[in-house]
Amino acid sequence: MERPDGRARFVYTQGMTTDRRIGIFGGTFDPIHCGHIDLGRAAESALALTRLFLIPANVPPHRPQPLASSYHRFAMVSLAVAGRPGWRASDLELRRDAPSYTAATLKRFHERGYAPSELFFVIGADAFAEIEAWREYPDILDRTHFAVVSRTGYPAPDLRARLPLLAPRMARPPVGHLTRLDTLIFLIDAPTADVSSTDIRERRARGQPITGLVDLGVQQHIEQQGLYTSMIPGRRGSDPPPRPAAGRLNG
Ligand code: ATP
């Protein structure tokens, strides 16, 4: 789109548009923790994101089923984004009765009018290292920028050596000379808390505190709801034993 003075609507700063820069941060979030928050903040500040959608996955294709229900995982993400301007919990993947593939999620954003160059898929370096196994690879690289942030033991800059074919697309923010059609892989070497959802679930199962590993609101939700006290997906330690499925609605 052009302005009356003939200049492009998009204003380039360090080669990047200053209009919409939409972060898409998918994860199991079982539960969301401080490492996730650090990751989101690192991407937000390095790339000046204007919006960051946190999208809990429905049935993660390469992972076992989450322990907490979709409802609780969405509730915890909602609690974590409250008070963070520009951050939003999205139920885009949970509303679909299908596995969550990033390619499908990106398609939904494109259908809503977002150009690939406006999208930044936010991801930890450990997860991005597996990109060659993703659906619709390598085409998926053209459908969004990637904002890849270091995780303890997985420095983002090491990805150049690990994925040499992708190295020419990798850049450190801020960068110059982006055309609007380019999609790049931004490597962000910022510190993130050395915590995982697995740690938190295991601590809860052992009866250990999780203070400081998750936001206070998330901690309160986990404790009030008795989450992660059973290792059976969707169940809590206080739940009565399961009844036979026969006779129940929806089996
Ligand atoms: P789990 O322990 O259940 O495997 P997780 O802690 O790895 O879970 P996910 O929800 O699977 O969390 O991760 C979503 C995204 O967040 C992934 O891209 C992952 O690389 C990233 N991530 C998770 N924890 C951290 C962390 N501590 N530092 C940086 N990135 C992280």
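**Ligand shell, sheet and core of a predicted model**

By class, the shell around the ligand comprises seven nonpolar, nine polar and three charged residues. In this count Ala, Val, Leu, Ile, Met, Phe, Trp, Tyr, Cys and Pro are nonpolar, Asp, Glu, Lys and Arg are charged, and the others, Gly among them, are polar. The model is predicted: local features need pLDDT of at least 70 and side-chain atom pairs count only at pLDDT 80 or more, whereas totals for chains, interfaces and linings use all residues. Residues are numbered from 1 along each chain as its sequence is written.

Gly27, Gly35, Gly124, Thr192 and Thr198 come nearest of the 19 residues around the ligand; a residue is near a molecule or strand if its C-beta atom, placed from the backbone, lies within 6 Å of it. At least two shell residues are supplied by each of helix 1 (34–47), strand 6 (119–124), helix 4 (125–128) and helix 6 (197–205). Helix 1 gives the most, with three residues.

The protein has seven helices and nine strands. These are DSSP runs numbered from the N terminus, with helices (H or I) of at least four residues and strands (E) of at least two. Seven strands form an open sheet in the order 5-4-3-6-7-9-8, with parallel pairing. Two strands pair if DSSP finds at least two bridges between them. At the edges are strand 5 (87–89) and strand 8 (170–171), each of which pairs on one side only.

Within this sheet, strand 3 (residues 22–27) and strand 4 (residues 51–56) run parallel and are joined by six bridges; Phe25 has Leu54 in strand 4 as its bridge partner. Helix 3 (residues 102–111) packs on the sheet, touching strand 3, strand 4 and strand 6, and its direction makes about 150 degrees with that of strand 3. Axes are lines fitted to C-alpha atoms, for helices over the stretch in contact, and angles run from 0 to 180 degrees between N-to-C directions. Helix 1 lies across strand 3, strand 4, strand 5, strand 6, strand 7 (145–149) and strand 9 (185–188), running at about 140 degrees to strand 6.

Strand 9 pairs with strand 7 in the parallel sense over four bridges, and Val149 stands opposite Ile188. Strand 9 also pairs with strand 8 in the parallel sense, over two bridges, and here Met170 has Ile185 as its bridge partner. From strand 9, Ile185 and Leu187 point one way and Phe186 and Ile188 the other way, and all are buried. A residue is buried if 20 or more other C-beta atoms, placed from the backbone, lie within 10 Å of its own, exposed if 12 or fewer do, and partly exposed in between.

The largest nonpolar core has 50 residues, and Ala43, Ala147 and Val148 have the most contacts inside it. Such a core is a set of buried Ala, Val, Leu, Ile, Met, Phe, Trp, Tyr and Cys residues joined through C-beta atoms within 7 Å. Helix 2 (residues 70–81) gives the most to this core, with seven residues. Not counting residues up to four places away in sequence, Val148 touches Ile123, Ala125, Phe128, Ala156, Leu159, Ile185, Phe186, Leu187 and Ile188. Contact requires C-beta atoms, placed from the backbone, within 7 Å.

Leu227 lies in the segment after helix 7 (216–225). Leu227 counts as buried because 25 other C-beta atoms lie within 10 Å. Although 155 residues apart in sequence, Leu227 and His72 are 8.6 Å apart in space, C-alpha to C-alpha.

Conventions: Contact = placed C-beta atoms within 7 Å.
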